[in-house]
Amino acid sequence: MVSQLVLFAIDLCAVVVLVFGLYFPRHRRRDLVVSYLGVNIGVLAVASALSASDTGAGLGLGLALFGVLSIIRLRSTELDQHEVAYYFSALALGILGALSTTSAWLSGGLMALILVVMFLGDHRRLFRHYRHQILVLDSAITDHGMLVAHLERLLDARVHTVNVQRLDLVNETTVVDVRYALAGPALTAESGAAAHAGARG
């Protein structure tokens with residue numbers, strides 16, 4: 001019982017760090033704060049109740065239910081991939097906090113591992129040159145080489161991958177999914193603009 005209460009406390013600390021220490025300072029999306037907290041505490045409460053009922057099938061059913069609810073939640077609104085990662089991290093923390101293990105330190109260590117991975121994987125300095133955008137060009141460009149050259153001039157960056165999603169020869173537009181890396185001057189200018197905007201805010 002004591003070890004279970006310790007796991008509950010560790011889970012609460014972990015989800016607070018995940019949401020208020022990592023996610024919100026980096027991405028500032030307020031509506032997902034309550035979503036992450038709610039799914040963590042909800043999974044923790046229900047999985048704890050089911051695990052205490054001595055019915056392994058009930059626990060499995062409960063976890064499957066939350067998996068279905070997660071899919072519904074993710075399909076109900078558009079989420080970026082990093083937001084999906086935070087969502088399932090909050091879910092995993094709740095499950096680890098609810099499941100009884102031979103050692104509370106094992107679950108606590110796994111929770112810490114999740115936090116460390118999210119801290120490093122979502123760090124601003126990791127691959128900070130790389131960007132991904134979907135652009136609508138006001139011309140129909142059928143030649144791939146010309147398209148890449150045009151995008152590199154437009155973005156002042158090195159284009160790595162271009163996928164043409166729609167080519168409209170009537171209205172002369174091209175919709176492209178482009179992955180690129182900012183050049184040195186462009187990256188410096190963007191960083192300066194972001195710092196200036198942060199100072200004004």
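The largest nonpolar core of this predicted model has 22 residues, and L18, Y36, V39, Y86, L93 and M118 touch the most other members. A nonpolar core is a set of buried Ala, Val, Leu, Ile, Met, Phe, Trp, Tyr and Cys residues joined through side-chain atoms within 4.5 Å. Buried means under 20% relative accessible area, exposed over 50%, and partly exposed in between, with a 1.4 Å probe and protein chains only. At least two residues of this core come from each of α1 (2–27), α2 (31–51), α4 (81–98) and α5 (104–121). Helices (H or I, at least four residues) and strands (E, at least two) are DSSP runs, numbered from the N terminus. Apart from this core lies another one of 14 residues, including V159, V162, V176 and L182.

A word on reading the numbers: residues are numbered from 1 along each chain as its sequence is written.

Now let's look at the aromatic rings. Rings of Phe, Tyr and Trp (its six-membered ring) pair if their centres lie within 6.5 Å; planes under 30 degrees apart count as stacked, over 60 as edge-to-face and the rest as tilted. By this rule there are 6 aromatic pairs. Two of them are set out here.

| Pair | Centre distance | Plane angle | Type |
|---|---|---|---|
| Y36 and Y86 | 6.3 Å | 35 degrees | tilted |
| Y87 and F88 | 6.0 Å | 80 degrees | edge-to-face |

Y36 lies in helix α2 and Y86 in helix α4, so their pair ties together parts that are 50 residues apart in sequence. Y36 is buried at 1% relative accessibility, and Y86 is buried at 0%. Y87 is buried too, at 5%, whereas F88 is partly exposed at 36%. Ring pairs link Y23, Y36, Y86, Y87 and F88 into a cluster.

Finally, the largest pocket holds about 680 Å³ of space. Among its 17 lining residues, H27, H82, D122, H123 and L126 are the closest to its centre. On a 1 Å grid over the protein atoms alone, a pocket is an open set of points where a 1.4 Å probe fits, with protein on both sides within 12 Å along at least five of seven lines; lining residues have an atom within 4 Å of a point. The volume is the space filled by probe spheres set on the points.

Note on methods
Predicted model: local features only at pLDDT ≥ 70, side-chain atom pairs only at ≥ 80, totals over all residues. Heavy atoms only, no water.
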